[in-house]
2 protein chains.
Amino acid sequence: MAAFTFNKLVIFGVGLIGGSLARALRERAGLAGEIVGVGRSEKSVARALELGVIDAAVSIDDDRALRSALEGADVVLLAAPVAQTEPLLARIAPFLDARTVVTDAGSTKSDVVAAARSALGARIAQFVPGHPIAGRESSGVDAALPELYVNRNVVLCPLAESPAGSVERVAAMWQATGAAVHRMNEAQHDRVFAAVSHLPHVLSFALVEQILEAPDAALKFSFAAGGFRDFTRIAASSPEMWRDVCVANRAALLAELDAYTAVLARFRAAIDAADGAALEAAFDRSRAARTEWQERGTIDAAKAHGASGTPNAPKSADDFPAK
Amino acid sequence: MAAFTFNKLVIFGVGLIGGSLARALRERAGLAGEIVGVGRSEKSVARALELGVIDAAVSIDDDRALRSALEGADVVLLAAPVAQTEPLLARIAPFLDARTVVTDAGSTKSDVVAAARSALGARIAQFVPGHPIAGRESSGVDAALPELYVNRNVVLCPLAESPAGSVERVAAMWQATGAAVHRMNEAQHDRVFAAVSHLPHVLSFALVEQILEAPDAALKFSFAAGGFRDFTRIAASSPEMWRDVCVANRAALLAELDAYTAVLARFRAAIDAADGAALEAAFDRSRAARTEWQERGTIDAAKAHGASGTPNAPKSADDFPAK
């Protein structure tokens, strides 16, 4: 694969994710192309300009500036809450060069693909859905880091219509930031991240909500310690972003939530029956898997309960060859 | 309050908690008394002896050594999984000096008090229930640190029978480690920690269990990232300890689990209805409370939903004056 270069990159939403991409390409990969930031207003991208993260700041409401920003762009990245995908793409479509590849950084993919089909119509082949796995609780361009994507995963969900060259351009861009790029289909993506990301966020928000409802909430918070701190770190995440994720990925998320509720009901029965052996066996399995994951980054598929009689992990999560 | 000194301290279970107390008293507070470690076998405390954390290692099965260990002890600390409280106290009772104060480090208190009443009978006044809030995922004496308790909380749940001097001896011991000592009754303690510690552990174990049950578990684990890492850190905790906690505190834990399930059902309905406004409002409340807690160590009681029309946090969590 050829190394990534660009003459112009346009980023819609220059916060943690978009800002870190800009800084990585410039400061880490040493690339010299122009980077334009587009915000809900020019003011919203002024800070990114002030920090030198982008070369030009454009308001999405300014037709003339937007047309000029998109002219000759190699890549457009959408890095805004996922519910904005359709209106953003509809706004961009009239100004889009035929040679521009559009990608996104949304945490959900089925809804993003549907939004893109609706907004782009016949130009859907220009869109390569993507998801860099690099969230933090801090947000905004001041939190952007050139090293954010180093050794992180980026998932691309190319469409049947996507030309190989477009997919490779997006893959090469992310590889230039230090990320490993993988490929899944959007349903698979949404199921995986419903389980390992979206559900834990909902569970974490719910615990804080529950304690807030107790009459002795202040006392409870005042004795919360390290376990609570780690468990609820993600409850400090952006409410707007997570609202959109929950709504956008609700089918997969509800399936995971129901499966989780079933496990919890089993645990409840074991606690109620004082069945220490059942609890210890389950906790033991969890600890072993969590420890293996921490050490190896995954688990041996054969150790999963669900693995018996079912195929191993799908093979479609192909890695792109590193350049 | 007088500073803590001791001639002899006997610790049953010299792991992270017991070992850190020993190291704190010796290395941090500079106290010179004898520290005896008692284990299920002499071998189980040999490592603590080798590390210099204790001065003598005794097997609990050795009558003669146990009698000699307990003779003249100022303080006895139980630092073993809570289900062992009753058999341990029953084993100790025949050898207990009248002037010895016995305390424990268990994560639950109502069951510990019941076990102590059963095992100690008329000598119950010698027992001061305690709980240092200082867990880590790592366990064993090799993980013990002299600084583990600095700026941590220790909760004591003195019994009606406990003489003030005994309670103050235990409070002064923990203050010498750098901890802040608080007082609650055992029901209050168990309710607070069911909410902020026991329930999150169960929820975290349950998430790993659920993913393990999925046919694509290995794929899911391989894309789990920072949110999953923090949320499940406590799922690497000791299965034996948490089995005991769940069984010992099951009444309070089930009440919290049911309240949590009710919140989750509300969240599920909002997700299913694509009610973004309800989700964002709840996530916003959680983020604000989590952020306030992170900054101040508690929240303003008036901000808790449950606070309207109900009294503020109970006043019985009195701090002991620092010496």
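How many salt bridges are counted between chain A and chain B? The count is 16, a salt bridge being a side-chain nitrogen of Lys or Arg within 4 Å of a carboxyl oxygen of Asp or Glu.

This is a predicted model, where local features need pLDDT of at least 70, side-chain atom pairs count only at pLDDT 80 or more, and totals for chains, interfaces and linings use all residues. Residues are numbered from 1 along each chain as written, chains are lettered from A and ligands numbered from 1 in written order, and side-chain values use heavy atoms, without hydrogens and water.

**Stop 1: one salt bridge.** Select Asp258(B) and Arg268(A). They form a salt bridge, with the closest N and O atoms 2.7 Å apart.

**Stop 2: the interface.** Show both chains. The contact (heavy atoms within 4.5 Å) takes 98 residues from chain A and 98 residues from chain B. The buried area is about 9,100 Å², 70% of it from carbon and sulfur atoms; this is the accessible area (1.4 Å probe) lost on putting the two parts together, summed over both.

**Stop 3: a helix pair.** Select residues 276-296 of chain A, helix α12, then residues 250-272, helix α11. Phe267(A), Ala270(A) and Ile271(A) of α11(A) meet α12(A) residues including Leu279(A) and Phe283(A).

Conventions. Axes are lines fitted to C-alpha atoms, for helices over the stretch in contact, and angles run from 0 to 180 degrees between N-to-C directions. Helices (H or I, at least four residues) and strands (E, at least two) are DSSP runs, numbered from the N terminus.
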